[in-house]
Amino acid sequence: RAFALVTRPLDRLQAQRAAVQLQAVAALQPQAMRVEQWPVGTRWQAVFWAFPSAQAAEKVRLALADKGLKVQVLEF
């Protein structure tokens, strides 16, 4: 099991901007993290993964929400 933080489906430019924000946060994590943009129909999602636990993902989600970037935790 792994956990990711994902944005809602966005247009390509918005997803790129979100990915840049997520990449900055990923660089601060103690473990190696990935930031990607995944197509969702005609839209895109910025995806920040792989968190080892839901709790770790939730902690970062709350910090991002405080900065105005809304993401949700996804288990896969």
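This is a predicted model, so please keep that in mind throughout. Let us begin with leucine 5. Leaving out residues up to four places away in sequence, leucine 5 touches Ala46, Val47, Phe48, Phe51, Ala57, Val60, Arg61, Leu64, Val71, Gln72 and Val73.

Where does that residue belong? The largest nonpolar core holds 20 residues, and Leu5 is among those with the most contacts inside it, along with Leu22, Phe48, Phe51, Val60 and Leu64. At least two residues of this core come from each of E1, H1, strand E3 (43–51) and helix H2 (54–66). H1 supplies the largest share of the core, with 6 residues.

Now the sheet. In which order do the strands lie? The order is E2-E3-E1-E4: 4 strands in an open sheet, with antiparallel pairing. Strand E2 (34–40) and strand E4 (72–75) are at the edges; each has a single partner strand, so one side of each has no neighbour in the sheet. On average, neighbouring strands are turned by 35° against each other, ignoring direction.

Next, the helices. H1 packs on the sheet, where it touches E2 and E3, and its direction makes about 15° with that of E3. H2 lies across E1, E3 and E4, and runs at about 20° to E1.

Back to tryptophan 49 for a moment. Which kind of peptide bond joins tryptophan 49 and alanine 50? A cis one, with omega at about 5°. Most peptide bonds are trans. Alanine 50 is itself found in strand E3.

Last, threonine 7. It sits in the loop between strand E1 (3–6) and helix H1 (12–26). Is threonine 7 buried or exposed? Its relative accessible area is 2%, and buried means under 20%, so threonine 7 counts as buried. What does its side chain reach? The backbone nitrogen of alanine 46, at 3.0 Å. Leaving aside neighbours within four places in sequence, threonine 7 is in contact with Ala18, Trp44, Gln45, Ala46, Lys70 and Val71.

How values were computed
Residues numbered from 1 in each chain as written. Predicted model: local features only at pLDDT ≥ 70, side-chain atom pairs only at ≥ 80, totals over all residues. Heavy atoms only, no water. Buried < 20%, exposed > 50% of the residue type's maximum accessible area, 1.4 Å probe, protein only. Polar contact = N/O pair within 3.5 Å; in protein donor to acceptor, adjacent residues only side chain to side chain. Contact = heavy atoms within 4.5 Å. Core = buried A, V, L, I, M, F, W, Y, C linked by side-chain atoms within 4.5 Å. Pairing = 2+ DSSP bridges. Axes fitted to C-alpha atoms, helices over the stretch in contact; angles between N-to-C directions.
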